[in-house]
Amino acid sequence: MPEPLLEVKGLKTHFYTDEGVVRAVDGIDITIHKGETLGIVGESGCGKSVTALSVMRLIPQPPGRITEGQILYNGKDLLKLPPAQMRKIRGKEISMIFQEPMTSLNPVFTVGEQIAEAIRLHEGLGRRDAMDKTVEMLRIVHIPNAERRVKEYPHQLSGGMRQRVMIAMALSCSPNLLIADEPTTALDVTIQAQILELLNELKAKLGMAIMLITHDMGVIAETAQRVVVMYAAEVVEEAQVTELFKEPLHPYTQGLLRSIPRIDLAATSRVRLEQIPGTVPTLRGDIKPGCRFAPRCALAKPMHFEQTPPLKEVRPGHKVACFLY
């Protein structure tokens, strides 16, 4: 494996609310190597987006705070950097495609002005040169009539176009690491396929690593090399993508995969999709010891409600946090 580009060690991000402390991320370890795509999957509310915002140091303070852990980028702990130094890295070396382009783009500025601002800030180009590079970036992400589109406002573009603008903005300074937070949410299937193909194409061209956050296992199968499964603010399984789809070990991962329609079986058998019973815990206030998935797990035994399973390597490159192994 190439050397690690990003190492997240024991990260804890908590939100202090009137109803108590919400442990949104509770002691996770993640490694991303240069040039690889790491997928992070899990239900809504499991801590995927908060992990990404913690890496970018964009957690709103208050109410949020990173209470423990290290985020090592090329050996430097991002949590110890002064704000001015972090601003030089954010957008230049580590970029992020945010979850909802309509709310992430500023409605009162043209899309061209918004992309050019990042280029002027990090690349030191003049206004005209920055706008020329903006047009070039829009062409790279396959937006037709790029010279005209730079003068348009976000509301004048379709959802797929806005998502491409967000990708162009994130890639404008050729980052080493791209964090894509659900880049295909709310897009139709054809546009979704185009966006994923575009990310793969640009990754190969620029040689960057990607942290791909999604709840869609199909997206993971198509784009990632390794996958981390999160549940209730913790990592419950980590493996190579082929290994995870071939033999998932954690009951939660098995439940996620059983909930996907199978086109190869649909023609021969009418099998109902299985759902995981119950809901994700709130993670507010004091959290009792024990496996957090135990209340929803058909295989749970009494001891699983009293002790917390550690994340351990049970096969080469395959880690799982479950007492069954």
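**Close-up views of the predicted model**

**View 1. Helix α1 on the sheet.** In this predicted model, helix α1 lies across β1, β2 and β4 and runs at about 110 degrees to β1. The open sheet is made of 4 strands in the order β2-β1-β4-β5, and their pairing is antiparallel. Strands β2 (20–33) and β5 (76–77) stand at the edges; each has a single partner strand, so one side of each is left without a neighbour in the sheet. Strands of a sheet pair through backbone hydrogen bonds, in either a parallel or an antiparallel sense. Here, β1 (residues 4–17) and β2 form an antiparallel pair over 11 bridges. Within this pairing, Phe 15 stands opposite Val 22 in β2.

**View 2. Cis peptide bonds at Pro 62 and Pro 63.** Most peptide bonds are trans. The bond from Gln 61 to Pro 62, however, is cis, with omega near -15 degrees. The bond from Pro 62 to Pro 63 is also cis, with omega near 5 degrees. Pro 62 is located in the loop between α1 (48–55) and β4 (64–73), and Pro 63 is placed in the loop between α1 and β4 as well.

View 3. Most residues other than glycine have a negative phi. Asn 145, although not a glycine, has a positive phi of about 50 degrees. This residue sits in the loop between α5 (127–140) and α6 (146–149) and is partly exposed, with a relative accessible area of 45%. Ala 232 likewise has a positive phi of about 50 degrees without being a glycine. Its place is in the loop between β9 (226–231) and β10 (234–240), where Ala 232 is buried, with a relative accessible area of 0%.

**View 4. The aromatic cluster of Tyr 231, Tyr 252 and Phe 293.** Ring pairs link these three residues into a cluster. The model contains 3 aromatic pairs. In one of them, the ring centres of Tyr 231 and Phe 293 are 5.2 Å apart and the planes stand at 85 degrees, so the pair is edge-to-face. This pair links distant parts of the chain: Tyr 231 belongs to strand β9 and Phe 293 to the loop between α12 (263–266) and β11 (312–315), 62 residues apart. Tyr 231 is buried, with a relative accessible area of 2%, and Phe 293 is buried at 3%. The rings of Tyr 252 and Phe 293 have centres 5.4 Å apart and planes at 65 degrees, so this pair is edge-to-face. Tyr 252 lies in helix α11 (residues 251–258) and Phe 293 in the loop between α12 and β11, so the pair ties together parts 41 residues apart in sequence. Tyr 252 is buried, as is Phe 293.

Key. Residues are numbered from 1 along each chain as its sequence is written. This is a predicted model: local features need pLDDT of at least 70, side-chain atom pairs count only at pLDDT 80 or more; totals for chains, interfaces and linings use all residues. Side-chain values use heavy atoms; hydrogens and water are left out. Helices (H or I, at least four residues) and strands (E, at least two) are DSSP runs, numbered from the N terminus. Buried means under 20% relative accessible area, exposed over 50%, partly exposed in between (1.4 Å probe, protein chains only). Two strands pair if DSSP finds at least two bridges between them. Contact means heavy atoms within 4.5 Å. Axes are lines fitted to C-alpha atoms, for helices over the stretch in contact, and angles run from 0 to 180 degrees between N-to-C directions. Rings of Phe, Tyr and Trp (its six-membered ring) pair if their centres lie within 6.5 Å; planes under 30 degrees apart count as stacked, over 60 as edge-to-face and the rest as tilted.
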